[in-house]
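Colleague: Can you walk me through this one? I have the sequence and the model open.

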Amino acid sequence: MKERLTDALYGLGWSAVKKLPEPAATGLGRSIADTVWKRRGKGVLRLESNLARVVPDAGPERLAELSQAGMRSYMRYWMESFRLPTWDRERVRRSVHINDVHRLTDGIASDRGVVLALPHMANYDLAGVWVTRALDTPFTTVAERLKPESLYDRFVAYRESLGMEVLPHVGGSAFGTLARRLREGGLVCLVADRDLSASGIEVKFFGETARMPAGPALLAQQTGALLLPVTLWYDDTDVMQGRVHPPIDVPETGTRAEKTSAMTQALADAYATGIAEHPEDWHMLQRLWLADLEEPRA
């Protein structure tokens, strides 16, 4: 029943929110965010716990302000995402500004293949649509299997309607397809700041140990593709900002595991730079650090 209700609510969002006038959708998102924040549920408390590591000198009042701003940013992501299918090319183009985008466009032009690796910041779906429409560049990504299956199908259909090739995040077949796309000179985009599986790479992140996916580093090693970290944020305008960070090179020495570890740590460091500058736009409402995963159950 809970899964069916979740699916129905997402379906309502995609069908109804995109029909609202923009000011009404913006106001609705902020109202929902503030209501959820005031209820102090598990997601909000976890967000504050995560932000306490990002901003270690913040007191309770500052953390509360950050978590409220974080929920508003998170709901802006959803309101925009529900409405994205109705945005034309020009609306997408003027809604995003990416700093140092030459690092991406030069990589695309080289036919070397490019891996873009992002954390859960601002609106990565909007950034993806901007790539397909403003840069006229298709790309491939992966999507985690969701429950119910109908909800997963909604997300896949939604992202494919925006010009993305979406692969299921199961088994090893996705990695092989991503590698082929890169060898063909294509673009792969991966959200890569959280991996709690046994294959996750341990990194130091804001002074504590967390796990992040090995995929971006392994793909770059195996295919020779350019690995570029990207961070996103909102400012006080309607335009989402972003930055393409310097490329992460494959180390010249070391085993494959050592190279993967070093490259993933470099990704984590780039993410930390962007998140520290814009903590309210990091939508991490789940456990991330290993110390939190080891908390005793009540």
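Predicted model: local features only at pLDDT ≥ 70, side-chain atom pairs only at ≥ 80, totals over all residues.

Colleague: How many helices and strands are in the chain?

Modeller: The protein chain has 12 helices and nine strands. These are DSSP runs numbered from the N terminus: H or I of at least four residues for helices, E of at least two for strands.

Colleague: And what share of the residues counts as buried?

Modeller: Of the 298 residues in the protein chain, 49% are buried. Buried is under 20% relative accessible area, exposed is over 50%, and partly exposed is in between, with a 1.4 Å probe and protein chains only. The chain exposes about 14400 Å² by the Shrake-Rupley method, and carbon and sulfur atoms supply 53% of that area.

Colleague: Let's go to α9. Which of its residues are buried?

Modeller: A174, T177, L178, A179 and L182. The buried residues of α9 pack against β2 (114–118), β3, β4 (164–168), β5 (187–191) and α10.

Colleague: At what angle do α9 and α10 pack?

Modeller: Helix α9 (residues 173–183) and helix α10 (residues 215–223) pack at about 50 degrees, with axes 10 Å apart. Axes are lines fitted to C-alpha atoms over the stretch in contact, and angles run from 0 to 180 degrees between N-to-C directions. The pair is therefore oblique; under 35 degrees would be roughly parallel, over 145 roughly antiparallel, and 65 to 115 roughly perpendicular.

Colleague: Which residues meet there?

Modeller: F175, L178, A179, L182 and R183 of α9 meet G215, L218, L219, Q222 and T223 of α10. By class, the residues of this contact are six nonpolar, three polar and one charged. Nonpolar covers Ala, Val, Leu, Ile, Met, Phe, Trp, Tyr, Cys and Pro; charged covers Asp, Glu, Lys and Arg; the others, Gly among them, are polar.

Colleague: What about T140, buried or exposed?

Modeller: T140 is buried because its relative accessibility is 4%. T140 is in strand β3 (residues 139–143). Not counting residues up to four places away in sequence, T140 touches E165, L167, L178, R181, L187, V188 and C189.

Colleague: Now α3 and α4. How do those two pack?

Modeller: Helix α3 (residues 42–54) and helix α4 (residues 60–83) pack at about 120 degrees, with axes 9 Å apart. V44, L47, E48, L51 and A52 of α3 meet L63, A64, L66, S67, G70 and M71 of α4. That contact has eight nonpolar, two polar and one charged residues.

Colleague: Where is G43?

Modeller: G43 is in α3. G43 and L285 are 242 residues apart in sequence and 5.0 Å apart in space, C-alpha to C-alpha.

Key
Residues numbered from 1 in each chain as written. Heavy atoms only, no water. Contact = heavy atoms within 4.5 Å. Areas by Shrake-Rupley, 256 points an atom, 1.4 Å probe, with all protein chains shown as cover.
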